[in-house]
Amino acid sequence: MTSTEFTEWLRGRTDEQLRALVTARPELITPVPAHVEGLAARAASPSALGRALDRLDRFTLAVVETLSLQPGPVTRKALGSALEKAAAGTAGKRELDAALDEALDRLMTRGLVFGSDDALLPAPGVAEALDPPAGLGPPAAEVFRHHSPEALEVLLNDIGAPRRDGSPRERLAELLADPTTVGRLVAEVSPQARAALDELSWGPASGRLPNARREIRTATAQSPIEQLLARGLLGATGEETVALPREVALFLRDGRLHRDLSPRPPALEGAVRKQTLADRTAAGQAFTLVRTVEELCEHWSVDAPGVLRTGGLAIRDLKRTAQLLDLPEWAAGLVVEIAYAAGLVASGGSVDGEWLPTSAYDGWRVKATEDRWALLASAWAAMDRVPGLIGERDDRDRPLNALHPDLRRPAAAQVRAQTLAVLASAGPGLAPTAASVLARLAWEQPRRRGAQRDRLAEFALREAEQVGVTGLGVLSEHGRGIVRGDGTAAGLLAPLLPEPVDHVLLQADLTAVAPGPLTSDLGRWLALAADVESKGGATVYRFSERSIRRALDAGQSADDLAGMLERHSTTAVPQPLGYLITDVARRHGRIRVGTASAYVRCDDPSVLDEVLADKRAGLLRLRRLAPTVLASKTSRATLLDSLRAMGYAPVAESLEGDVLVSRADSRRTDGPPVARGSAPAGPEPDVAAAAIRAMRAGDEAHRSRRRPSHGPDGHVPRSPATATIQALQEAIRQGSRVWIGYLDAQGHATSRILEPARMEGGYLTAYDETRAAVHRFALHRITGIADVS
């Protein structure tokens with residue numbers, strides 16, 4: 001009957017109330033039910049109820065648990081009285097009443113409670129989904145269900161139970177439901193046994209005990225657990241498991257269903273700092289993240305690491321990347337994962353591929369710094385990967401590498417969003433401790449509490465600081481923009497970023513000092529032509545023969561290098577640096593590599609003599625075609641790389657003899673689309689409204705075809721068996737609907753509207769419109785048939 005009442009209650013809700021229901025529980029319209037009965041059935045399914053209950057905070061969950069433990073409909077006043085004892089000392093009556101009203105409104109909005117203030121009921125299936133509610137164990141009848149009547153009789157005699165009618169299990173359950181009897185039995189046990197009871201009373205209400213089913217008498221019980229088993233205060237539910245009956249737990253709790261029930265979440269605790277200082281600190285870290293990601297992509301453009309056959313980045317490549325970025329390995333792994341989530345790097349092949357920047361990186365690179373950071377931070381907030389697991393091992397003892405597919409966790413994005421929401425709820429300048437954040441998360445969603453969620457939240461706090469969402473533990477103003485997802489983060493960050501400079505200070509020791517963050521173009525050029533020697537308030541770059549050669553390999557000329565330095569240096573180009581550029585450029589390109597398969601050409605025969613005499617050239621299979629030409633059977637790319645590894649400075653040339661330039665940014669791959677932030681929590685308003693309209697229309701059509709629970713004349717249809725079978729066969733041939741009378745498993749006669757599909761093996765398979773599902777009906781249970789008017 002409750003299901004029918006719940007369906008009618010849903011049908012009586014306004015369209016606005018139904019939209020609120022499907023917005024809070026979007027899974028109910030995926031796909032859209034055909035009518036309100038379908039919505040009610042889906043709302044009462046175990047999976048949908050589990051998801052809805054998982055979203056409740058501790059107080060709201062306690063309200064629905066308390067309601068589910070009542071024997072029938074409960075008034076709002078009685079429900080408040082049941083909660084007052086547990087909330088004593090944490091809230092006044094007025095605050096508790098206001099919190100209860102909010103909780104009931106939330107529960108009714110989500111379809112977990114229905115009725116009126118005079119008769120509140122949990123929705124169908126809620127009590128089963130909550131089992132066990134409030135940490136209570138099963139009822140005594142369930143605990144002792146598998147005990148033999150003889151063993152229960154011995155137990156009843158031992159505890160002095162009076163003789164009564166009924167089975168031993170029913171008598172024991174009735175006895176334990178009497179507070180006076182339970183009080184007497186508890187008073188008989190030792191203090192150690194009472195302590196064990198107190199520990200079990202608030203959950204978990206079960207434990208393990210070897211040989212739990214052995215018979216124990218009160219006179220021979222020795223250990224505290226044996227004393228409890230001998231008096232029925234504990235019961236064996238398996239060979240090695242025991243449980244505390246619910247009736248005993250309620251007595252020990254002194255009428256309280258919950259130990260301490262506060263309608264308010266626990267306060268966040270931590271140090272208080274200046275919000276402006278936190279914002280500037282976070283902005284500095286945000287700027288560093290952008291430059292670090294750019295540095296990573298530029299390096300991988302030239303020297304791309306390989307993709308492991310199992311997926312991911314090799315440990316040695318991560319170590320090398322961490323050294324290059326001057327970061328701890330965990331922070332380097334975070335940067336790599338964020339770049340991947342933002343679509344800036346991707347695998348260049350499924351087998352023996354390389355991790356390369358994507359074409360999206362080129363578009364990202366030319367954006368303003370604040371916009372680049374906003375995209376990275378949004379990708380981090382929305383990604384379902386957990387960089388904190390890098391370096392650990394999975395269930396099969398295999399290492400979890402960076403970019404490995406197994407780093408995905410479905411709950412990662414949700415826990416990250418909840419953690420940031422907790423930080424956003426803190427006062428300005430408050431840096432909450434990790435313990436207080438975890439306590440708040442445990443209050444907000446107690447059913448999802450666990451070691452995994454706590455770890456994910458701790459990772460989120462650490463990563464938020466590294467990403468620049470928080471500064472000194474305080475959520476920054478631009479970080480709040482990421483939490484809101486309203487596109488304001490970049491605008492809030494922009495005034496806090498340092499102005500980029502377009503000049504350096506060249507020194508005689510072949511170094512260049514950047515007095516601040518460089519412009520993107522100058523930074524990329526300097527990273528190509530020099531190596532970073534130190535970072536800090538000012539970055540020091542060092543020029544060397546290798547770095548100058550690298551710039552020449554990328555298509556720069558000596559004049560280009562000198563001109564770039566003159567334009568961007570506040571001092572004159574030092575003579576040693578000018579000599580270095582001239583000397584390296586003079587020797588660069590003296591050797592030419594073309595296609596023979598490949599050939600080597602040089603105007604100086606002595607240089608080719610030197611190459612032929614080098615033992616490392618043996619694998620190149622070189623032979624002399626002319627004093628200035630060598631031929632090789634290897635490819636041009638292999639020949640180029642090999643000669644460069646031997647210390648020479650060759651360049652590639654085309655069939656026409658022109659120099660071929662391969663720039664660093666030419667190595668790109670296709671990647672996933674750039675992340676744009678978290679998906680909305682529920683359906684769009686217009687989608688929800690359309691779903692409600694479709695359900696209303698379908699419900700109207702469905703009800704127009706329905707009839708009362710009896711046939712057209714007010715009685716269950718009855719007809720001879722032969723006529724019934726013939727009418728069903730005719731309905732199958734014509735595809736028409738019929739009324740049938742049907743005896744259920746309890747022998748009650750009902751009628752159903754069916755669309756028969758087939759008859760075989762003594763069963764009728766048909767679509768039951770009264771249940772909105774396909775069922776099989778035993779032909780011998782069908783009492784008769786009638787046409788649907």
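## Getting started

Two residues are in contact here when they have heavy atoms within 4.5 Å of each other. By that rule, threonine 369 touches Phe287, Val290 and Leu497, leaving out residues up to four places away in sequence. The structure is a predicted model, in which local features need pLDDT of at least 70 and side-chain atom pairs count only at pLDDT 80 or more, while totals for chains, interfaces and linings use all residues. Residues are numbered from 1 along each chain as its sequence is written, and side-chain values use heavy atoms, with hydrogens and water left out.

## How confident is the model?

The score pLDDT gives the predictor's confidence in each residue, from 0 to 100. For the protein chain the mean pLDDT is 84, and 91% of the residues reach 70 or more. Helices (H or I, at least four residues) and strands (E, at least two) are DSSP runs, numbered from the N terminus.

Some stretches call for care. Residues 674–680 stay under 50 in pLDDT, and the model gives them 12 contacts beyond four places in sequence. Residues 707–714 are also below 50, with 18 contacts beyond near neighbours in sequence.

Helix H7 covers residues 93–109. The expected span of a helix is 1.5 Å times one less than its number of residues. For the 17 residues of H7 that comes to 24 Å, which agrees with the 24 Å between its end C-alpha atoms. After the helix comes glycine 111, whose phi is positive, near 70 degrees.

A residue is called buried when its relative accessible area is under 20%, exposed when it is over 50%, and partly exposed in between (1.4 Å probe, protein chains only). In H7 the buried residues are Leu96, Ala99, Leu100, Ala103, Leu104, Leu107, Met108 and Thr109. Their cover includes helices H1 (2–11), H2 (15–24), H5 (58–68) and H6 (76–87), together with strands E1 (113–116) and E2 (119–122).

## Aromatic rings and charges

Rings of Phe, Tyr and Trp (its six-membered ring) pair if their centres lie within 6.5 Å; planes under 30 degrees apart count as stacked, over 60 as edge-to-face and the rest as tilted. The model has 6 aromatic pairs by this rule. One of them is edge-to-face: phenylalanine 6 and phenylalanine 114, at 5.4 Å centre to centre with 65 degrees between the planes. Phenylalanine 6 belongs to helix H1 and phenylalanine 114 to strand E1, so this pair ties together parts that are 108 residues apart in sequence. Both phenylalanine 6 and phenylalanine 114 are buried, and Phe6, Trp9 and Phe114 form one aromatic cluster.

Tyrosine 361 and tryptophan 364 make a tilted pair, because their ring centres are 5.9 Å apart and their planes stand at 35 degrees. They are 3 residues apart in helix H19 (residues 359–365), which puts about one helical turn between them. Tyrosine 361 and tryptophan 364 are both buried. A charge sits over a ring if NZ of Lys or CZ of Arg is within 6 Å of the ring centre and within 35 degrees of the ring normal. Arginine 372 has its charged end over the ring of tryptophan 364, 5.1 Å from its centre, and arginine 776 lies over the face of tyrosine 763, at 4.4 Å from the ring centre.

## Nonpolar cores

A nonpolar core is a set of buried Ala, Val, Leu, Ile, Met, Phe, Trp, Tyr and Cys residues joined through side-chain atoms within 4.5 Å. The largest has 68 residues, of which Val293, Trp373, Leu376, Trp380 and Val467 touch the most other members. Helix H16 (residues 275–302) gives the most to this core, with 9 residues. Beyond four places in sequence, valine 293 is in contact with Val335, Ala339, Leu344, Trp364 and Leu376. Another core, lying apart, holds 49 residues, among them Ile29, Val63, Leu120 and Ala691.

Threonine 369 is buried, with a relative accessible area of 16%. Between threonine 369 and leucine 497 there are 8.3 Å in space, C-alpha to C-alpha, though the two are 128 residues apart in sequence.

Histidine 404 is in the loop between helix H20 (369–382) and helix H21 (412–425), and is buried at 8% relative accessible area. Threonine 511 lies in strand E13 (residues 511–514) and counts as buried at 2% relative accessibility.
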